[in-house]
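Hi,

Here is the structure I promised to pass on. Have a look at it first, and then read on for what turned up.

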Amino acid sequence: MPLSAVILEQSPPPPPAVLIDLLQRQGIPKPVAQKLARQSGEIVWEHAEAEPAAALAGALSNCGHPARVVSQADVPPVTRPRRVPRLDLDEPRLGIFVGYGDEPVWFAWEQVLVLSAGVFKSEKIESRAEEVRNVEGMLVGMERRVKVELERRIVADLFADEGTELRHFRLQSHELNYSQTMGGTALQSWREKFTLVLARLALRSAQALISPQTEALLAAGLIAADCQVDPYFEDDERFAAHNRWLVLRHRLGLAG
């Protein structure tokens with residue numbers, strides 16, 4: 001019998017405790033349910049039998065997280081993104097360079113499925129000991145000082161359909177070669193340059209799904225604190241799971 005998957009109709013996923021409880025009601029052992037709740041994202045349960053999948057979708061819907069059952073065959077595979085140093089945006093097709101010395105891979109703009117931007121936040125903690133001296137300059141002890149630096153990293157994932165293969169590319173805001181991609185000048189900040197790249201991709205990929213986080217970041221000039229939609233993702237794994245869900249919804253005609 002064909003296997004099924006349970007997916008949410010909207011983001012974000014329910015709290016882990018809620019999902020763990022609902023999964024356990026379908027006979028899934030607690031350790032497995034805990035792992036699924038950590039990793040699944042909006043594609044809640046994969047490779048499930050049809051009956052328990054339908055029961056879980058109904059239970060999720062009843063507690064305020066609308067869900068549906070889809071065929072597992074429709075769920076895109078897990079992919080690892082290729083980091084992109086530059087793009088060619090000026091041709092009738094999209095050129096993506098996956099290495100500095102390589103020729104670009106070309107895609108028709110209609111082949112672009114999803115453009116999804118997000119922000120990762122991390123803390124860099126530096127601890128050091130400093131001497132403490134009195135007014136005469138004599139050493140009286142040591143004091144430990146902690147310095148916390150907050151780093152925000154903005155990235156965008158682009159998915160393109162080659163017919164037999166789903167291609168997954170990663171644009172890093174601080175790594176993209178802007179002068180070769182779109183002629184960015186030294187007078188522009190990286191925020192301005194990355195905003196222009198994302199905006200051009202979104203405009204030319206007319207049939208693609210542009211995530212709400214991407215639209216919010218563009219509207220806010222990539223200032224995460226000014227976004228109307230929360231653009232933050234816990235880590236790369238959560239971001240990848242979310243984007244895989246977006247690809248699935250686009251392929252099933254559920255986007256929008």
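Just after helix H1, Gly-27 takes a positive phi of about 90 degrees. Helices here are DSSP runs of H or I with at least four residues, strands are runs of E with at least two, and both are numbered from the N terminus. Bear in mind that this is a predicted model, where local features need pLDDT of at least 70 and side-chain atom pairs count only at pLDDT 80 or more, while totals for chains, interfaces and linings use all residues. Residues are numbered from 1 along each chain as its sequence is written, and side-chain values use heavy atoms, with hydrogens and water left out.

Back to H1, which spans residues 16–25. Its buried residues are Leu-19, Ile-20, Leu-22 and Leu-23; buried means under 20% relative accessible area, exposed means over 50%, and partly exposed is in between (1.4 Å probe, protein chains only). Looking down the axis of H1, you'll find the buried residues within an arc of 170 degrees, so they line one face of the helix. That arc is taken from the directions that run from the helix axis to the C-beta atoms. What do the buried residues of H1 pack against? They pack against helix H2 (30–39), strand E2 (43–48) and helix H3 (50–62), with contact meaning heavy atoms within 4.5 Å.

E2 also belongs to an open sheet of three strands, in the order E2-E1-E3 and with antiparallel pairing. E2 and E3 are at the edges with a single partner strand each, so one side of each has no neighbour in the sheet. From one strand to the next, the twist averages 20 degrees; the axes behind such angles are lines fitted to C-alpha atoms (for helices, over the stretch in contact), and the angles run from 0 to 180 degrees between N-to-C directions. Strand E1 (residues 4–8) pairs with E2 in the antiparallel sense over three bridges, where two strands count as paired if DSSP finds at least two bridges between them. One of the residues to look up is Ser-4, whose bridge partner in E2 is Ala-48.

There is another open sheet of three strands, ordered E5-E6-E7, with antiparallel pairing. Strand E5 (86–88) and strand E7 (105–107) are its edge strands, each pairing on one side only. Here the twist averages 25 degrees from one strand to the next. E6 and E7 pair in the antiparallel sense over three bridges, and Ile-96 stands opposite Val-105 in E7.

Ile-96 turns up again in the largest nonpolar core, which has 34 residues. By nonpolar core I mean a set of buried Ala, Val, Leu, Ile, Met, Phe, Trp, Tyr and Cys residues joined through side-chain atoms within 4.5 Å. Ile-96, Leu-158, Phe-194 and Leu-201 have the most contacts inside this core. Among the elements that give it two or more residues are strand E6 (94–97), strand E8 (112–133), strand E9 (139–161) and helix H5 (190–204). H5 provides the largest share, five residues. Leaving aside residues up to four places away in sequence, Leu-201 touches Leu-87, Leu-89, Leu-94, Trp-109, Leu-115, Leu-158 and Leu-171. A second, separate core has 17 residues, including Leu-8, Ala-48, Leu-60 and Ala-67.

Thr-181 lies in helix H4 and is buried, with a relative accessible area of 2%. A polar atom of its side chain lies 3.1 Å from the backbone nitrogen of Leu-87. Not counting residues up to four places away in sequence, Thr-181 touches Arg-86, Leu-87, Leu-89, Leu-176 and Val-197.

Pro-81 is in the loop between strand E3 (67–71) and strand E4 (82–83). Is Pro-81 buried, exposed or partly exposed? At 26% relative accessibility, Pro-81 counts as partly exposed.

For the overall picture, the protein has seven helices and 11 strands, and buried residues make up 42% of its 256 residues. Its C-alpha atoms fill a box of roughly 85 × 50 × 35 Å, taken along the principal axes.

Cheers

Note on methods: A polar contact is a pair of N or O atoms within 3.5 Å; within protein, one must be able to donate a hydrogen and the other to accept it, and residues adjacent in sequence count only if both atoms are side-chain atoms.
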